[in-house]
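Me: I would like to learn how to read a structure feature by feature. Could you take me through one, with the general idea before each case?

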Amino acid sequence: MDLFSKEEADVMGEISNICMGSSATSLNVMLNQPVNITTPSVHLVHKNELLSDYEKSCVIIKVQYTEGLIGNNLLVLKDADAKIITDLMMGGDGHGKYSEGDMTDLHISAVSEAMNQMTASAATAMSKLFDHKIDISPPSVKSVVIEDFEVADDFTDDMFVKINFKMTIGSLIDSTMVQLYPYDLAHSIYQLFQRRK
């Protein structure tokens, strides 16, 4: 496996920043709140360390590429952030009944809707960036307990590119969202970027 160079890290950070900027615009419209997703930091990590930033549980969003790229990537949200997003989508102010308690099917459904809009916007932004059609399937969303989490069999890489973003939603959320690319997929994205020059 090629070493993950600083240039690859910078390129992945730049691409993800563009895609997340587009995603933030979509989320802004859905939630009627100012959304900022900025300042990515990029690291190469082993699959056993993917959720090391989380204590008990989190929400994992799996995105599969269906055209232009081959593979899946993951987005990770804190439970508390997912609940606030749900409360806003249900017409609350972010402090309502959906912002607390256990994660339910309703939370998963609401986050799925939000992530569907966000990831579609990201795919469109990536297509424009590369001048190359990138398409995805609707994302799958689930709540996971950290100690029970295992990387799915369709992720064959041991190493992942981990991108941490600062995410703010109005005055309600000041948090971190994580994006995870298997190394081979990240390398393919880097190569697409190189070809556009």
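Reply: Start with the order of elements: along the sequence, the protein follows the pattern α-β-β-β-α-α-β-β-β-β-α. Here helices (H or I, at least four residues) and strands (E, at least two) are DSSP runs, numbered from the N terminus. The total is four helices and seven strands. The radius of gyration is 16 Å, close to the 16 Å that the globule rule gives for 197 residues, so the protein is as compact as a globular protein of that length. That radius is taken over C-alpha atoms, and the globule rule is 2.2 Å times the number of residues to the power 0.38. This is a predicted model, in which local features need pLDDT of at least 70 and side-chain atom pairs count only at pLDDT 80 or more, while totals for chains, interfaces and linings use all residues. Residues are numbered from 1 along each chain as its sequence is written, and side-chain values use heavy atoms, with hydrogens and water left out.

Me: What does the C-alpha trace of the protein span along its principal axes, and what share of the residues counts as buried?

Reply: The trace spans about 50 × 35 × 25 Å. Buried means under 20% relative accessible area, exposed over 50%, and partly exposed in between (1.4 Å probe, protein chains only). Of the 197 residues, 50% count as buried. The accessible surface comes to about 9700 Å², and carbon and sulfur atoms hold 46% of it; such areas come from the Shrake-Rupley method with a 1.4 Å probe, and for residues only the protein chains shown count as cover.

Me: How many positive and negative side chains does the protein have?

Reply: For this count, Lys and Arg are positive and Asp and Glu negative, with His and the chain ends not counted. The place of a charge is NZ of Lys, CZ of Arg, CG of Asp or CD of Glu. The protein has 15 positive and 28 negative side chains, and the centres of the two sets lie 4 Å apart.

Me: How should I read contacts, and which residues is Gln 179 in contact with beyond its neighbours within four places in sequence?

Reply: Contact means heavy atoms within 4.5 Å. Among contacts between residues at least 6 apart in sequence, 71% join residues at least 24 apart. Gln 179 lies in strand β7 (residues 173-182) and is buried, at a relative accessible area of 7%. Leaving aside neighbours within four places, Gln 179 is in contact with Ser 16, Met 20, Asn 73, Leu 74, Leu 75, Val 161, Lys 162, Ile 163 and Phe 165.

Me: Which side chain does a polar contact join to that of Gln 179?

Reply: A polar contact is a pair of N or O atoms within 3.5 Å; within protein, one must be able to donate a hydrogen and the other to accept it, and residues adjacent in sequence count only if both atoms are side-chain atoms. The side chain of Gln 179 has such a contact, of 3.1 Å, with that of Tyr 181. A second case is Glu 8 in helix α1 (residues 6-31). Glu 8 counts as buried at 4% relative accessibility, and a polar contact of 2.8 Å joins its side chain to that of His 187.

Me: Is Glu 67 buried, partly exposed or exposed?

Reply: Glu 67, in strand β2 (residues 57-67), is partly exposed because its relative accessible area is 37%. Apart from neighbours within four places in sequence, Glu 67 is in contact with Lys 133, Ile 134 and Asp 135.

Me: How far apart in space are Arg 195 and Phe 130, C-alpha to C-alpha?

Reply: Separation along the chain and separation in space are read side by side. Arg 195 and Phe 130 are 65 residues apart in sequence and 8.3 Å apart in space, C-alpha to C-alpha. For Glu 67 and Val 35, the figures are 32 residues and 28 Å. Arg 195 is in helix α4 (residues 183-195) and counts as exposed at 61% relative accessibility.

Me: What is the phi of Asn 32, and what is that of Asp 131?

Reply: Most residues other than glycine have a negative phi. Phi of Asn 32 is near 55 degrees, a positive value in a residue other than glycine. Asn 32 is in the loop between α1 and β1 (35-46) and is exposed at 68% relative accessibility. Asp 131, also not a glycine, has a positive phi of about 50 degrees. Asp 131 sits in the loop between α3 and β4 (135-136) and is exposed, with a relative accessible area of 73%.
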